[in-house]
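Open your viewer and get the selection tool ready. We will go from stop to stop, with something to pick at each one.

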Amino acid sequence: MNEVELTELGIKDSRDLLNKKEISAKELTNAYIQNIEQSVKINAFIEKTFDKALMQASEADKIIGTDAQKSLCGIPLGIKDLFCCKNIKTQAASYILDNFIPPYESTVTQKLWNEQAIMLGKLNMDEFAMGSSNETSTYGPVINPWKSRGSDEPLTPGGSSGGSSAAVAANLCAGATGTDTGGSIRQPASFTGTVGLKPTYGRCSRWGIIAFASSFDQAGPITKNVTDSAIMLKAMSGFDPLDSTSAKIEVPDYERELGKDIKGLRVGLAKEYGLHKDGSEAKNKLDHAILLLENLGAEIIEVSLPHTEFALPTYYVLAPAEASSNLARYDGVRYGHRAKLGSNDSILELYEKTRSEGFGTEVKRRILIGTYVLSSGYYDAYYKRAQKVRSLIKNDFDKVFKNVDLILTPTTPTSAFPLGSKGTQDPVEMYMNDIFTVPANLAGLPALSLPVGLDELGLPLGVQLIGDNWREPLLLNTAFNLENALAFESRPRNWWA
């Protein structure tokens, strides 16, 4: 098997070959390293840890086939730049954290290393995970490996986990970590033809993940297929005493749940998630997914989530409010970028200059919005009211899940759009990309994006499955069955090598 074929395999298939000793972990790691070195045009990897990866691969080759072998032994992964990795530069793609090197490891990445995964490097992202197109990074935008039919125009890979989705789609790693605050795993997965899973809030520890909005942020995997997602999620999940929001709930073996019959499954179709254009490709692909689920024995039931229309404005009040609080710690005093001061400048001027120089436009915008809605005289009118609406949205889901097992929606209104085409003049246009993904974050529910086919431009589209709290096994098994029925095997053409 040549190096190109090796990197197309993903986690499970690579693991099977490693276990049969048909390939070595070092051989597999070198294949990914070669791909990464040839893909600088994509701009997915911003910190390469190849020496560490090859050392880990050598150790894995000694362990494979012994009782000491764990679930991800010898599997090369990419890590979103939001996860702190000990002694490795971690910046959240922001200049204000220039050259920050954490002296500790995030819980999620430590769990991956405990399962003997291999670290290829850090992946590009929107600054502090704020964005839907991966254009706000201090490292520059990531380029989607996919191109529109007959065009070389660069497209967004989605955001904020755009580096993770692009790296998986371009075969630069077997799987990648992402974080999802308002859709930042699922939307990039939809744009790149990959599988993106946001677990239940509290399923994966947030300790050591640079915070954006603490009541929304949740780590999850981006992978080539559903089986790989199940394998990665099990490794990433579990109670963490260092995270007060981490749930003390047993972690199932998600992979073992795959392949079960879904006959009799009740799937809700919320009328509020409808697409306005009946003839659109996104609507056609959703209808195709509905047909396949019915063929598999599922029952489609129309449901109502009446407060969905308020989800986006609610999110864009609450998330910036939490961001303004979380990002107050970046002041140029303890770590990261520090502005140069004149001899008569005060400490307040140090804060102002550092934050002005260190934060990008989108981060500044959200800090300002968040500070405004938390300020005296506006707290009740905006923040408190938004919290009440959040409760109503959660109640809507609670009622619906008494009658259905899962909810099916589009992941995004459209396929990937050209870089620079949205949000430059009107940021609300960019925020609208999150219209189908945000409600699951407001309610803390698990949700998965699955590639469903290509649109008229030859670009991937995704459908989203939303489950009730802690129902990841059902979510993954349903996605597995639907994935097999869809048989989506399209891949981007290799223009970047």
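This is a predicted model: local features need pLDDT of at least 70, side-chain atom pairs count only at pLDDT 80 or more; totals for chains, interfaces and linings use all residues.

Residues are numbered from 1 along each chain as its sequence is written, and side-chain values use heavy atoms, with hydrogens and water left out.

**Stop 1: the largest pocket**

Please select Pro 413, Thr 414, Met 432, Ile 435 and Phe 436, which are the closest to the centre of the largest pocket among its 39 lining residues. The pocket has a volume of about 950 Å³. A pocket here is an open set of points on a 1 Å grid over the protein atoms alone, where a 1.4 Å probe fits, with protein on both sides within 12 Å along at least five of seven lines; lining residues have an atom within 4 Å of a point. The volume is the space filled by probe spheres set on the points, which are joined across faces, edges and corners.

Helices (H or I, at least four residues) and strands (E, at least two) are DSSP runs, numbered from the N terminus. Coloured by type, the lining splits into 21 nonpolar, nine polar and nine charged residues. In this scheme Ala, Val, Leu, Ile, Met, Phe, Trp, Tyr, Cys and Pro are nonpolar, Asp, Glu, Lys and Arg are charged, and the others, Gly among them, are polar.

**Stop 2: the second largest pocket**

Move on to Lys 224, Asn 225, Glu 483, Phe 488 and Arg 491, which lie nearest the centre of the second largest pocket, lined by 19 residues. Helix H2 (11-19), helix H8 (226-236), strand E10 (447-454) and helix H16 (472-486) give two or more residues each to that lining. H16 has the largest share, three residues. The space in this pocket is about 420 Å³, and its lining divides into seven nonpolar, four polar and eight charged residues.

**Stop 3: paired strands**

Show strands E7 (residues 266-270) and E8 (residues 299-303), which pair in the parallel sense over five bridges; strands count as paired if DSSP finds at least two bridges between them. Zoom in on Ala 270, whose bridge partner in E8 is Val 303. E7 also pairs with E9 (residues 406-410), again in the parallel sense, over two bridges. There, Gly 268 stands opposite Ile 407 of E9.

**Stop 4**

Most residues other than glycine have a negative phi, and most peptide bonds are trans. Select Gly 159 and Ser 160, which are joined by a cis peptide bond with omega of about 5°. Ser 160 sits in the loop between strand E3 (118-123) and helix H6 (162-169). Ala 129 is in the loop between E3 and H6, and has a positive phi of about 65°.
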